Amino acid sequence: MTTGGAVKNGSRTGLRLPLGLWALTRVVLLLCVFKVVVVPGPDITFDVSHIYQGWYEVLRTGTYPLDDVTWQYPPAAALAILSPGLLPFLSYTSAFFVLAFLCDAFVFGLLVHTGRRAGRTLNGAWMWIAGVPLLGPTAYARYDVMVTAVAVAGVLAAGRSPRVLGALAGFGAVLKVWPALILAGTAKGRATFRAWSTAAGAAAAVLLLCVLWMPGALAFLSFQRERGTEVESLGSMVFHVIRHFGWDGEARMNYGSIEFLGPHVSTVSNLALALTIAAFGWLLLWRVRARGFTSSTVADAAFVAVLLFTVTSRVLSPQYMLWLVGLGAACLAYRSSRMRRPVHLVIWATAVTQFEFPVWFSHVTRSDPLGIAVLFTRNGLLIAAAILACRILWRQTVTEPRLVEAAIPAQAVQPEREKALTGSSV
């Protein structure tokens, strides 16, 4: 009993440092979003205080924002936009930031709880501690932290309950599409059937409820389709360069974000879409060829899938980094994961992103040397992380299991050969 008490006290002592650092960094984030500390660049709270709150007022009337092209989210996003109403004693923006903080705390708690189990590690919790503040106040000024909480909870539940994974993936898909990708790494057979069927059922149920709840649930489809190439995306790098060589185009607000408009933009947007399709084709090929599934494969595959989706996106808004930080943290919560290097590259890219937006965003929109340098650095780190992560996932789940399978028959014939040489019949 004494030994158990000592271990328990030691583990509590070991949690003081990560808990203290988490609390300290989150206090700084709250000071930023409440404008006690002002971060240089555009006002990152504008989306919450004007756009989100405007949607909130429309949603309260019983309809989706049918006349607002900036509403480009699946219907369950209305739940996130309406959620500050749960704290009626606070203003809308204050309530939103408090809820974002609570979702952050939820993810941290999940990673700590998971990290203290056998075969797990607290590295995931440390990743989350560092990654969120590196993104800056943007982490609390978008509803992506809520979506990330759903996705991370699903990934960490995968080992115990594929159905919980599926339910959260399905709900997350109707919340912001990308959480459906956390299903990519489920083990073949019964686990995949349970997770994918539950996800389909959950998504269909939530979508049906939203359609019956208010008119305009599917309006986001047409608004999203019209989006172009945002100035922060991989494709935008072409225009950041050629606008210095006489390209007749401009960067301005379009469909809720700063996009490039002008000649050849549609071609680059179509190429980005083609890259996304190619990335999903690679994921499908990996899925067919994969043979070895470890305890971390669901997290690893989810990280790779979302990383590919992010890099090839026409948008690549700064809050997308929060998805990668969350899934990267889920990977590092497992000792069997080999994603440490690409996850660390994502951490560096997240740090650069805060300079790309909001600090030096005016330089990015002008495509001046500083803007190009910071954007190319961030996107270059993401490209490197994606290539490296794909190689690691393929090697661990396809190449190495096939080598083991090829070696087993050769080992199995050795006893028979020994009998033949010795003349033994035993």
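## Packing of helices α13 and α14

In this predicted model, helix α13 spans residues 320-332 and helix α14 spans residues 340-359. Their axes come within 10 Å and cross at roughly 150°. Angles over 145 degrees count as roughly antiparallel, and α13 and α14 are therefore roughly antiparallel to each other. The crossing of α13 past α14 is left-handed.

On the α13 side, the contact is made by Met321, Leu324, Val325, Gly328 and Leu332. On the α14 side, Arg340, Val343, Val346, Ala349, Thr350 and Thr353 take part. Sorted by type, the residues of this contact comprise seven nonpolar, three polar and one charged. Gly counts as polar in this sorting.

## Fold content and contacts

The protein chain contains 17 helices and three strands; α13 and α14 are two of the helices.

Among contacts in the protein chain with a separation of 6 or more, 76% join residues 24 or more positions apart.

## Overall dimensions and burial

The protein chain has 426 residues and a radius of gyration of 24 Å. Along the principal axes, the C-alpha atoms fill a box of roughly 85 × 60 × 45 Å.

Of the 426 residues, 51% count as buried, where buried means under 20% relative accessible area.

Definitions and conventions. Residues are numbered from 1 along each chain as its sequence is written. This is a predicted model: local features need pLDDT of at least 70, side-chain atom pairs count only at pLDDT 80 or more; totals for chains, interfaces and linings use all residues. Side-chain values use heavy atoms; hydrogens and water are left out. Axes are lines fitted to C-alpha atoms, for helices over the stretch in contact, and angles run from 0 to 180 degrees between N-to-C directions. Helices (H or I, at least four residues) and strands (E, at least two) are DSSP runs, numbered from the N terminus. Angles under 35 degrees count as roughly parallel, over 145 as roughly antiparallel, 65 to 115 as roughly perpendicular and the rest as oblique. A crossing is left-handed if the near helix is turned anticlockwise from the far one by less than a right angle, and right-handed if clockwise. Contact means heavy atoms within 4.5 Å. The radius of gyration is taken over C-alpha atoms; the globule rule is 2.2 Å times the number of residues to the power 0.38. Buried means under 20% relative accessible area, exposed over 50%, partly exposed in between (1.4 Å probe, protein chains only).
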